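Here's a quick briefing to read alongside the model. Have the sequence and the 3D view open, and we'll go through it topic by topic.

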Amino acid sequence: MSYTFSRRAFLKYSAATAVAVAGASLLGGCEYQDPQNPVCKTLPGAIKSDLQVIAGLKSMKIEKGTCTLEVDIESARANPIPLDPYRFSVAVKDVKDEQPVYFSDNYGGVRILDAKDPLIQQKKPITIHLAADHFPTLEEGQTVVFKFMPIRESPEYSMTWEITKEVYEEFIANQSTSKN
């Protein structure tokens, strides 16, 4: 198994990185203290992983006990990434005491609603919709934590979005404004 980039791939991803940096408004809330586990705190927000995977949380909607997420994923890995629900989790934590209020695995996990291919293929971006059931109403001081582990065998590499109630409400307000 080779993890080397060709010159063409290097130039392509260098250009993609330049575009991503130019779109700093999308990545503005992302934290990269640990490059293996980057955290993004914006909605929408994108993360580039050391695993040659880029993922973006495009939208999130909480209604009637379900949290629905729209996620873009693109892989530069030669080996396809299986697309299964066990690679995703959604939790709600209370900021005051960091206690989990909700964890999707306790309620049947995350469901993939519309995957056309069971694999994420190299250089073939996909958009999927995910749902977590029995989801609580967000209260003040709570944060939704959405996690994507591209390679289950390497849980030390993950991509995490931490969306506070305030960020979520601002996103929903902007969605309502843009539809009018």
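Two strands count as paired when DSSP finds at least two bridges between them. With that in hand, take β3 and β4 (residues 53–63): they pair in the antiparallel sense over 4 bridges. Keep in mind that this is a predicted model.

**The chain overall**

- The protein chain has 3 helices and 13 strands.
- Of its 180 residues, 38% are buried.
- Among contacts with a separation of 6 or more, 59% are between residues 24 or more positions apart.
- The accessible surface comes to about 10300 Å², and carbon and sulfur atoms account for 54% of that.

**The five-stranded sheet**

- Strands of a sheet pair through backbone hydrogen bonds, and they can do so in parallel or antiparallel fashion.
- Here, an open sheet of 5 strands runs in the order β3-β4-β5-β11-β9, and the pairing is antiparallel.
- Which strands stand at the edges? They are β3 (45–48) and β9 (110–112); each has a single partner strand, so one side of each has no neighbour in the sheet.
- On average, neighbouring strands of this sheet are turned by 25° against each other, direction ignored.

**The β3–β4 hairpin**

- β3 and β4 make a hairpin, with 4 residues sitting between them.
- Look at Q52 in the turn: its phi is positive, about 65°.
- G45 has L57 as its bridge partner in β4.

**Two buried strand residues**

- I73 belongs to strand β5 (residues 66–75).
- Is I73 buried or exposed? With a relative accessible area of 1%, I73 is buried, because the cut-off for that label is under 20%.
- The C-alpha atoms of I73 and I54 are 5.8 Å apart, although 19 residues separate the two along the chain.
- Setting aside neighbours within four places in sequence, I73 is in contact with V53, I54, A55, F88, I120, K124, P125, I126, I128 and F148.
- S89 sits in strand β7 (residues 88–94).
- S89 is buried too, at a relative accessible area of 14%.
- With neighbours within four places in sequence left out again, the contacts of S89 are F103, S104, V110, V145, F146 and K147.

**Salt bridges**

- Side chains of opposite charge can pair when their charged atoms come close.
- How many salt bridges does the count come to? The answer is 9.
- One of them joins the side chains of R87 and D84, at 3.4 Å from N to O.
- R87 is buried in this pair, at 5% relative accessibility, while D84 is partly exposed, at 21%.
- Another salt bridge brings together the side chains of D133 and R111, at 3.0 Å from N to O.
- This D133–R111 pair links distant parts of the chain: D133 is in strand β11 (residues 126–133) and R111 is in strand β9, 22 residues apart.
- D133 counts as partly exposed, with 21% relative accessibility, and R111 also counts as partly exposed, with 37%.
- E140 forms a salt bridge with K165, and their closest N and O atoms are 3.5 Å apart.
- Why does the E140–K165 pair tie together separate parts of the chain? E140 lies in the loop between β11 and β12 (142–148), whereas K165 is in helix α3 (residues 165–179), so the pair ties together parts that are 25 residues apart in sequence.
- E140 is exposed, at 53% relative accessibility, whereas K165 is buried, with a relative accessible area of 14%.

Conventions
Residues are numbered from 1 along each chain as its sequence is written. This is a predicted model: local features need pLDDT of at least 70, side-chain atom pairs count only at pLDDT 80 or more; totals for chains, interfaces and linings use all residues. Side-chain values use heavy atoms; hydrogens and water are left out. Axes are lines fitted to C-alpha atoms, for helices over the stretch in contact, and angles run from 0 to 180 degrees between N-to-C directions. Buried means under 20% relative accessible area, exposed over 50%, partly exposed in between (1.4 Å probe, protein chains only). Contact means heavy atoms within 4.5 Å. Accessible areas come from the Shrake-Rupley method with a 1.4 Å probe; for residues, only the protein chains shown count as cover. A salt bridge is a side-chain nitrogen of Lys or Arg within 4 Å of a carboxyl oxygen of Asp or Glu.
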